[in-house]
Amino acid sequence: MDIRSNVTTSSKIKPNEQYDLKKMEQIAHGIRQRVLELTIEKNGCYLSQALSSAEIVAVLYGGLMKLGESQAPFVAPSFGGVPGNSNKDYVTGAAYNGPTGPGYDRLLISPAHYAVVIYAALVESRRLSPDSLKEFNVDGSIVEQIGAEHSPGFELTTGSFGQAISQAGGIAHARKMRNEKGRVFLFMSDGELEEGQTWEGIQAAAHYKLDNLVVYVDVNGQQYDGWTKDVMNIEPINSRIEAFGGTCVTVDGHHIDELVRAGQTPTENKPLFVLCYTNSAQGLPELDYRKPNLHFVRFRDHEIEQFKAILEDMKKGVR
């Protein structure tokens with residue numbers, strides 16, 4: 001089923017022979033499986049965010065981004081304190097994404113409550129040990145439920161929604177001034193498009209001609225208070241972004257090939273925005289009845305055995 005509301009395509013997009021699409025699909029499956037398992041074990045988790053964004057994050061970590069080997073411990077260490085004169089060896093969670101040199105891409109995560117999705121992707125891409133997930137949301141662990149700059153995969157604490165695009169734009173601008181080839185990727189959620197600073201960031205990125213900035217947006221249409229269209233309608237997103245000076249491509253956020261092709265869309269002196277229309281219960285239609293109340297998922301007592309059985313089927317590869 002095509003869940004897009006509008007589609008923008010380009011005939012100049014490169015073929016995908018250089019990418020392992022099967023590997024990306026496997027990462028996406030692993031993300032859903034691991035986050036479902038945590039939701040059961042921890043009596044609640046940001047599961048719907050994993051269901052909607054699994055393919056998006058899988059594409060980023062599965063080869064679309066140019067990343068080097070992880071520079072961080074395979075087993076996540078305990079929290080070592082904030083940076084300062086007494087803690088000068090402080091390393092941000094970006095070390096899990098590899099070096100930040102001129103030839104490598106950078107990744108910023110805007111919605112910090114998607115942290116569990118990033119952790120699962122790091123595990124699936126062999127940058128973080130599976131055992132590290134046992135420390136998820138445990139006091140003293142860097143594998144926090146709400147990601148911060150010390151959490152695996154996070155370069156910065158992005159603050160209130162809408163701030164990360166300004167941070168990513170600043171990094172992209174600096175890289176462009178230094179003639180660095182690496183791009184800056186930003187992962188966002190659609191609810192952030194209600195924030196004024198988001199649009200200021202888009203406008204600034206267009207003004208400074210940041211064609212090295214690539215923004216993937218999980219447009220799942222839901223947020224804490226319900227359907228996004230009811231809380232604050234943000235559509236038509238594509239024409240609004242284009243009006244602010246960006247290049248915009250709209251895709252099915254669960255279609256690996258489209259997600260990869262979108263990230264290769266030619267842009268000249270414009271930031272690229274990939275609107276990924278997704279389903280917040282993708283892979284788990286048993287959760288459809290809860291929509292739009294899926295911001296944080298905790299199973300009811302009578303559902304636990306049902307979802308344990310589903311998890312076992314996922315591990316066996318039968319769903």
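Colleague: What makes alanine 76 count as buried or exposed?

Modeller: First, a caution: this is a predicted model. Alanine 76 has a relative accessible area of 15%. Buried means under 20%, so alanine 76 is buried. Its place is in the loop between H2 and strand E1 (106–109).

Colleague: How far is alanine 76 from lysine 181?

Modeller: Their C-alpha atoms are separated by 30 Å. Along the chain the two residues are 105 residues apart.

Colleague: Take H2 next. How do you know that the distance between its ends agrees with its number of residues?

Modeller: Helix H2 covers residues 47–64, which is 18 residues. At 1.5 Å a residue the helix should span 26 Å. The end C-alpha atoms are 24 Å apart, so the two values agree.

Colleague: Where is the kink in H2 centred?

Modeller: On serine 53. The kink is about 60°.

Colleague: What makes you call H2 mostly covered?

Modeller: The count: 17 of its 18 residues are buried. Serine 48 is in helix H2. Its relative accessible area is 4%. The cut-off for buried is under 20%, so serine 48 is buried.

Colleague: How far apart are serine 48 and leucine 294, in sequence and in space?

Modeller: They are 246 residues apart in sequence. C-alpha to C-alpha, they are 6.0 Å apart in space.

Colleague: And leucine 108: why does that residue get its label, buried or exposed?

Modeller: Leucine 108 lies in strand E1. Its relative accessible area is 1%. That is under 20%, so leucine 108 is buried. Leucine 108 and phenylalanine 154 are 6.5 Å apart in space, C-alpha to C-alpha, and 46 residues apart in sequence.

Colleague: Now the aromatics. How many aromatic pairs does the structure hold?

Modeller: There are 5 aromatic pairs. One of them joins the rings of tryptophan 199 and phenylalanine 244.

Colleague: Why is the pair of tryptophan 199 and phenylalanine 244 called tilted?

Modeller: The ring centres are 5.0 Å apart, and a pair needs centres within 6.5 Å. The planes are at 50°. Under 30 degrees would be stacked, over 60 edge-to-face.

Colleague: Why does phenylalanine 244 count as partly exposed?

Modeller: Phenylalanine 244 has 32% relative accessibility. Buried needs under 20% and exposed over 50%. The value falls in between, so phenylalanine 244 is partly exposed.

Colleague: What makes the pair of phenylalanine 299 and phenylalanine 307 stacked?

Modeller: Their planes are at 15° and their ring centres 4.1 Å apart. Stacked means planes under 30 degrees apart, so the label holds. Phenylalanine 299 is buried at 7%. Phenylalanine 307 is buried too, at 0%.

Colleague: Turn to the backbone. What makes the bond between glutamate 235 and proline 236 cis?

Modeller: Omega is about 0° in that peptide bond. Proline 236 lies in the loop between helix H6 (228–232) and H7. A cis peptide bond also joins lysine 291 and proline 292, with omega about 0°. Proline 292 is in the loop between strand E7 (272–277) and helix H9 (304–316).

Colleague: What is listed for phi of lysine 209?

Modeller: Phi is near 55°, a positive value in a residue other than glycine. Lysine 209 is found in the loop between H5 and strand E3 (213–219). At 45%, lysine 209 is partly exposed.

Colleague: Last, the cavity. Which residues line the largest cavity?

Modeller: Among them are Leu67, Asn97, Asp105 and Glu155. By class, the lining has 4 nonpolar, 3 polar and 3 charged residues. The volume of the largest cavity is about 50 Å³.

Technical notes
Residues are numbered from 1 along each chain as its sequence is written. This is a predicted model: local features need pLDDT of at least 70, side-chain atom pairs count only at pLDDT 80 or more; totals for chains, interfaces and linings use all residues. Side-chain values use heavy atoms; hydrogens and water are left out. On a 1 Å grid over the protein atoms alone, a cavity is a set of points where a 1.4 Å probe fits but cannot get out, and a pocket is an open set with protein on both sides within 12 Å along at least five of seven lines; lining residues have an atom within 4 Å of a point. Grid points are joined across faces, edges and corners, and a volume is the space filled by probe spheres set on the points. Ala, Val, Leu, Ile, Met, Phe, Trp, Tyr, Cys and Pro count as nonpolar, Asp, Glu, Lys and Arg as charged, and the others, Gly among them, as polar. Helices (H or I, at least four residues) and strands (E, at least two) are DSSP runs, numbered from the N terminus. The expected span of a helix is 1.5 Å times one less than its number of residues. The bend at a residue is the angle between axes fitted to the seven residues ending there and the seven starting there. Buried means under 20% relative accessible area, exposed over 50%, partly exposed in between (1.4 Å probe, protein chains only). Rings of Phe, Tyr and Trp (its six-membered ring) pair if their centres lie within 6.5 Å; planes under 30 degrees apart count as stacked, over 60 as edge-to-face and the rest as tilted.
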